[in-house]
Amino acid sequence: MSVPGNLLYTDDHEWVLVEGDEVVVGITDFAQSELGDIVMLELVGAGEEFEKGDSIGTIEAVKAMADIYAPVSGEITEVNEALADTPDAINGDPYHGGWLYRIKLRDVKELEDLMGPDEYEKHIEI
């Protein structure tokens, strides 16, 4: 199972790529493999503001349905619209084509609460 070294991670298996004052968010390879084939996504729209830990969407897969949680507080600046027609792209490429959101950070200090790659690898071994 791949855990890229340039990302941060949540307990709920979202990944975060920091790009200046924005982050790109998706679900991890571990999460997509646990869910199985993804068949539908419900994502909140650009312009929505939320707090860290709020539900910002759902993923429906063959095996289960799961909430997507905000890894940081902020405003969604972009949604990966391509996933509306091809949600299964997350299964094949969760870290690139399968990204979900771009979020403008409200508080950069919240990034300190996320796990680094080594810590996340230990988390998914449990």
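Trainee: What radius of gyration does the protein chain have, and what would a compact globule have?
Mentor: The protein chain has 13 Å. A compact globule with 126 residues would have a radius of gyration near 14 Å, so the two agree. Keep in mind that this is a predicted model.

Trainee: What does the C-alpha trace span along its principal axes?
Mentor: About 35 × 35 × 20 Å.

Trainee: How many helices and strands?
Mentor: 3 helices and 9 strands. Starting at the N terminus, the order is β-β-β-α-β-β-β-β-β-α-β-α.

Trainee: How much of the chain is buried?
Mentor: Buried residues are 47% of the 126. The chain exposes about 6,400 Å², and carbon and sulfur atoms supply 47% of that area.

Trainee: What about charge?
Mentor: There are 7 positive and 30 negative side chains. The centres of the two sets lie 7 Å apart.

Trainee: Switching to the inside. Which residues touch the most other members of the largest nonpolar core?
Mentor: Val-23, Ile-27, Leu-100, Tyr-101 and Ile-103, out of 25 residues in that core. Elements that each supply at least two core residues include β3 (22-27), α1 (29-35) and β9 (101-105).

Trainee: Leu-105, then. Buried or exposed?
Mentor: Leu-105 is buried, because its relative accessible area is 12%, and the cut-off for buried is under 20%. Leu-105 lies in strand β9. Beyond four places in sequence, Leu-105 touches Gly-20, Asp-21, Glu-22, Val-23, Val-72, Ser-73 and Leu-111.

Trainee: How far is Leu-105 from Tyr-9?
Mentor: Their C-alpha atoms are separated by 16 Å. Along the chain, Leu-105 and Tyr-9 are 96 residues apart.

Trainee: Last one. Where is His-13?
Mentor: In the loop between β1 (8-9) and β2 (14-19).

Trainee: Why does His-13 count as buried?
Mentor: Because its relative accessible area is 17%. Among the residues His-13 touches, not counting those up to four places away in sequence, are Gly-26, Ile-27, Phe-30, Tyr-120 and His-123.

How values were computed: Residues are numbered from 1 along each chain as its sequence is written. This is a predicted model: local features need pLDDT of at least 70, side-chain atom pairs count only at pLDDT 80 or more; totals for chains, interfaces and linings use all residues. Side-chain values use heavy atoms; hydrogens and water are left out. Helices (H or I, at least four residues) and strands (E, at least two) are DSSP runs, numbered from the N terminus. The radius of gyration is taken over C-alpha atoms; the globule rule is 2.2 Å times the number of residues to the power 0.38. Buried means under 20% relative accessible area, exposed over 50%, partly exposed in between (1.4 Å probe, protein chains only). Accessible areas come from the Shrake-Rupley method with a 1.4 Å probe; for residues, only the protein chains shown count as cover. Lys and Arg count as positive and Asp and Glu as negative; His and the chain ends are not counted. The place of a charge is taken as NZ of Lys, CZ of Arg, CG of Asp or CD of Glu. A nonpolar core is a set of buried Ala, Val, Leu, Ile, Met, Phe, Trp, Tyr and Cys residues joined through side-chain atoms within 4.5 Å. Contact means heavy atoms within 4.5 Å.
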